[in-house]
Amino acid sequence: MARDCLALILAAGEGTRMRSSLPKVLHPVANLPMVCHVMRASAKANCEHVAVVVGSGAEAVEDAVRKENPSTETFVQTERLGTGHAVLAARRVVEQGHDILVLFGDTPLVASETLDAMRSELSKGAAVVVLGFRTDNPDGYGRLLEDDGKLLAIREHKEASDAEKQVNFCNGGIMGLSGEHALNLLDAIGNDNAKGEYYLTDVVEIANEKGLRVVAMEGSETEVLGVNTRDGLAQVEALWQEKARLTLMQSGVSMQAPETVFLSADTVIDTDVILEPNIVFGPKVVIGKSAQIKAFCHLEGAHVGEGSVVGPFARLRPGTQLHDETKVGNFVEIKNAVVEQGAKVNHLTYIGDAEIGKAANIGAGTITCNYDGMNKHKTVIGANAFIGSNSALVAPVTIGDGAYVASGSVITEDIPSQAMGIGRGRQANKEGYGAQIRERNAKIKAERSS
């Protein structure tokens with residue numbers, strides 16, 4: 001049975017190659033900071049404690065990790081003296097004696113199943129567990145040197161012999177340390193090297209010298225992929241999206257062109273949903289069973305009820321709640337609004353700060369005028385109401401149940417239930433004016449060209 005475990009995440013790297021003022025580990029993958037992906041993987045592996053080592057001036061990282069998990073402890077590595085030094089920046093929690101998983105805030109693809117397997121090895125008596133991977137191109141990676149299943153050492157590429165360079169089992173960086181031995185092993189790391197730094201990898205040979213059990217576990221190359229550049233970030237994003245799409249399809253979601261659908265880390269999509277091409281899911285989107293999202297839609301902060309149809313070319317902004325069997329059509333934008341069951345907003349419409357009742361019909365070109373330049377105001381449309389095309393509803397305003405709004409109206413006052421509101425100028429036909437206008441315009445054109 002696994003013992004209590006501390007996920008110790010190293011997030012002190014500046015990432016200058018990202019060419020960004022944003023700390024490297026806060027760059028998002030699937031709209032979630034990379035370090036938060038690592039935190040979620042460790043949480044799924046049932047790590048009971050989490051600590052993050054940050055660099056000086058990294059208040060933004062501290063804020064982000066505490067937002068993800070309020071109980072997260074943070075420690076500042078004031079000097080950059082290697083990974084071993086970084087781990088000991090969190091000495092106070094290391095001393096508590098929990099098993100430790102040393103993780104990196106820029107490896108967002110690490111799998112919780114792998115971390116769980118590493119925890120299991122520690123529980124079986126290993127003092128050190130190293131996560132490795134096999135690759136056809138090991139150049140530049142540290143090699144994991146084994147003998148009869150025992151990990152003897154981690155040899156850096158530049159220090160490896162010709163024979164050792166033929167080894168394709170490489171160091172992934174992630175490491176597990178037994179709580180019983182962690183502090184002693186870490187304190188034994190020296191800095192007798194060209195850089196004068198304390199390397200975490202040295203604990204492998206230190207543990208072997210002490211007669212402790214050291215093992216290497218094999219993971220995939222992708223899950224230990226670190227991000228240092230913008231193109232590396234794009235590569236990791238693509239890998240995350242590919243895996244997430246596959247998981248959804250295996251759970252019962254249909255995608256006509258999976259490679260054109262982009263998900264967020266918290267996207268929730270129920271079974272029998274159909275996703276057409278070119279859809280972007282921002283954060284906090286939930287799609288109910290048997291809904292259909294048509295092509296070229298953008299959704300963020302929205303809930304789509306069962307059996308609803310959205311799009312094509314629709315935008316659902318934060319606060320949108322579509323109840324079951326609703327219809328939102330092409331070139332419709334909805335923000336902070338509730339659309340009750342069976343209501344239709346079919347085309348060329350803006351609905352903001354509104355409530356739309358059951359089975360209401362919103363005609364083409366309708367807008368809720370919700371903003372007066374300083375404040376937002378609410379529009380309430382009752383059940384079975386019919387809003388004629390090209391209408392402007394000036395909030396705050398209430399349209400009663402079963403009421404009608406005549407096409408082309410500007411509605412500034414409430415309309416009672418079952419009444420009809422008309423807010424437009426009366427039509428007047430002027431006989432012969434068409435010919436007169438053409439003659440006048442032709443005369444003006446001729447004078448300008450002469």
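## Cysteines, charge pairs and surface patches

Let's start inside: Cys5 is buried, because its relative accessibility is 0%. Keep in mind that this is a predicted model. Cys47 is buried too, since its relative accessibility comes to 12%. So what separates these two from being bonded? The sulfur of Cys5 has its closest cysteine sulfur in Cys47, 3.6 Å away, and that is too far for a bond. A disulfide would need the two sulfur atoms within 2.5 Å. Searching the whole structure turns up zero disulfides.

Now for the salt bridges. Side chains of opposite charge can pair when their charged atoms come close. How many salt bridges does the structure hold? There are 15. Here are some of them, with the N to O distance for each pair.

| Salt bridge | Distance, N to O |
|---|---|
| Glu48 and Arg119 | 3.7 Å |
| Glu164 and Arg155 | 3.2 Å |
| Lys378 and Glu355 | 2.4 Å |

Is Arg119 buried or exposed? Arg119 is buried, because its relative accessible area is 4%, whereas Glu48 is partly exposed at 42%.

In the pair of Glu164 and Arg155, Glu164 is buried, with a relative accessible area of 18%, but Arg155 is partly exposed at 23%. Elsewhere, Arg91, Glu95 and Asp187 are joined in a network of salt bridges.

On to the surface. Which residues make up the patch of negative charge? Asp270, Asp272, Glu306, Asp324 and Glu325 gather there. One of them, Glu306, sits in the loop between β20 and β21 and is partly exposed, at 40% relative accessibility.

There's a nonpolar patch on the surface as well, formed by Phe296, Phe313, Phe331 and Leu348, with about 420 Å² of accessible area together. Among these, Phe331 lies in strand β24 and is partly exposed, because its relative accessible area is 47%.

Finally, a look at Ala58, in the loop between β4 and α2. Ala58 is buried, at 11% relative accessibility. From Ala58 to Leu275 is 217 residues in sequence and 39 Å in space, C-alpha to C-alpha.

Technical notes: Residues numbered from 1 in each chain as written. Predicted model: local features only at pLDDT ≥ 70, side-chain atom pairs only at ≥ 80, totals over all residues. Heavy atoms only, no water. Patch = residues over 30% accessible without salt bridge, like charges linked within 9 Å, V, L, I, M, F, W, Y side chains within 5 Å. Areas by Shrake-Rupley, 256 points an atom, 1.4 Å probe, with all protein chains shown as cover. Salt bridge = Lys/Arg side-chain N within 4 Å of Asp/Glu carboxyl O. Lys, Arg positive; Asp, Glu negative; His and termini not counted. Charge placed at Lys NZ, Arg CZ, Asp CG, Glu CD. Helix = DSSP H or I, 4+ residues; strand = E, 2+ residues; numbered from the N terminus. Buried < 20%, exposed > 50% of the residue type's maximum accessible area, 1.4 Å probe, protein only.
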